[in-house]
Amino acid sequence: MARYAISDIHGCARTFKALVLERLQLKKTDELYLLGDYVNKGPDSKGVLDFIMHLQKQQYQVHCLRGNHDQMLLKAASKGESALNLSELEKEMVLQNFGMHDFRKLSTTYAHFIDSLPYYLELPDYYLVHAGFDFHQDDLFSDKEAMLNIRNYTVDWNRLDNKRLLHGHTPTALHAIKKSVTHQSARINIDAGCVYYKNAAYGNLVALDLDTNLLNIQCNLDRPYVVRRKS
């Protein structure tokens with residue numbers, strides 16, 4: 001049995017499938033942890049969600065967390081497009097991808113899936129979360145906004161029982177991720193900026209093996225599509 005973690009797929013369904021099926025060759029005895037941001041920005045948000053739900057229906061052990069973009073799409077399903085912090089072109093791409101003209105028409109299948117997602121997971125040796133925790137809070141695990149959006153925080157390891165912290169949310173250059181993994185850092189950001197393929201430092205989707213500390217890398221296969229360059 002292997003344990004893998006992936007984050008920030010952002011609608012890059014072809015890349016995600018290649019990483020899971022070809023690079024990892026995922027088995028039903030393996031555990032796959034997905035740290036959120038399945039949708040928006042990339043070309044096939046629907047395809048990413050469909051593939052995740054397909055794996056789960058086929059009895060693969062796929063455990064999913066909620067990301068800020070997943071939360072935005074869920075909010076847009078009730079409040080409309082004003083809930084989405086996306087460019088007009090990116091909004092249009094999501095609408096076309098789901099075959100709808102209004103975000104409030106999002107299928108309940110996808111809305112219920114996103115709404116069922118937890119904000120963090122605790123494993124015997126790791127805490128998994130999309131963005132991180134606000135260590136100024138008395139209760140780390142009640143601040144949902146922080147778990148989805150926080151950046152630039154200092155970890156109080158005593159409050160995490162000295163477990164490793166794995167997250168995404170902030171696009172990070174591949175060489176920096178490799179350095180963290182090589183040094184077996186206690187905190188590792190595995191968002192390799194897959195969707196931002198126009199920036200040479202990004203454009204990869206990575207899966208970290210939680211037991212061997214090996215990094216599996218898949219370059220973006222979903223290009224071209226309209227996406228803002230991430231500086």
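Modeller: A5 stands opposite L208 in β8, and this pair belongs to the contact between β1 and β8, two strands that run antiparallel and are joined by three bridges. Please keep in mind throughout that this is a predicted model.

On its other flank, β8 is joined to β9 by five bridges, and these two strands also run antiparallel; here A207 stands opposite N216 in β9. β8 and β9 form a hairpin with five residues between them, and N213 in the turn has a positive phi of about 65°.

Is β8 enclosed or open to the outside? Six of the six residues of β8 are buried, so the strand is largely enclosed by the rest of the structure. If you follow the side chains, N204, V206 and L208 point one way, whereas L205, A207 and D209 point the other way, and all are buried.

Now step back to the whole sheet, which is open and has five strands in the order β3-β2-β1-β8-β9, with mixed pairing. The strands β3 (61-64) and β9 (215-219) stand at the edges with a single partner strand each, so one side of each is left without a neighbour in the sheet. Neighbouring strands are turned by 20° against each other on average, direction ignored. The parallel part of the pairing includes β1 (residues 3-6) and β2 (residues 31-34), which are joined by four bridges, and the bridge partner of R3 in β2 is E31.

Helix α7 (residues 174-182), in turn, lies across β8 (204-209) and β9, and runs at about 170° to β9.

The loop between β7 (187-189) and β8 holds D191, which is buried yet has no salt bridge. The side chain of D191 does reach the backbone nitrogen of G193 at 2.9 Å. Leaving aside residues up to four places away in sequence, D191 touches several others, among them D8, H167, T170 and I177.

Elsewhere, charged side chains do pair, and a search of the whole structure finds seven salt bridges. One of them brings the side chains of D125 and R3 together at 2.7 Å, N to O. Because D125 lies in the loop between β4 (120-122) and β5 (126-129) while R3 lies in strand β1, this pair ties together parts that are 122 residues apart in sequence. R3 counts as buried at 8% relative accessibility, whereas D125, at 30%, counts as partly exposed.

Another salt bridge joins the side chains of E122 and K163 at 2.6 Å, N to O. E122 is in strand β4 and K163 in the loop between α6 (144-149) and β6 (164-167), so parts that are 41 residues apart in sequence are tied together. In this pair E122 counts as partly exposed at 42% relative accessibility, and K163 counts as buried at 13%.

How values were computed. Residues are numbered from 1 along each chain as its sequence is written. This is a predicted model: local features need pLDDT of at least 70, side-chain atom pairs count only at pLDDT 80 or more; totals for chains, interfaces and linings use all residues. Side-chain values use heavy atoms; hydrogens and water are left out. Two strands pair if DSSP finds at least two bridges between them. Axes are lines fitted to C-alpha atoms, for helices over the stretch in contact, and angles run from 0 to 180 degrees between N-to-C directions. Contact means heavy atoms within 4.5 Å. Buried means under 20% relative accessible area, exposed over 50%, partly exposed in between (1.4 Å probe, protein chains only). Lys and Arg count as positive and Asp and Glu as negative; His and the chain ends are not counted. A salt bridge is a side-chain nitrogen of Lys or Arg within 4 Å of a carboxyl oxygen of Asp or Glu. A polar contact is a pair of N or O atoms within 3.5 Å; within protein, one must be able to donate a hydrogen and the other to accept it, and residues adjacent in sequence count only if both atoms are side-chain atoms.
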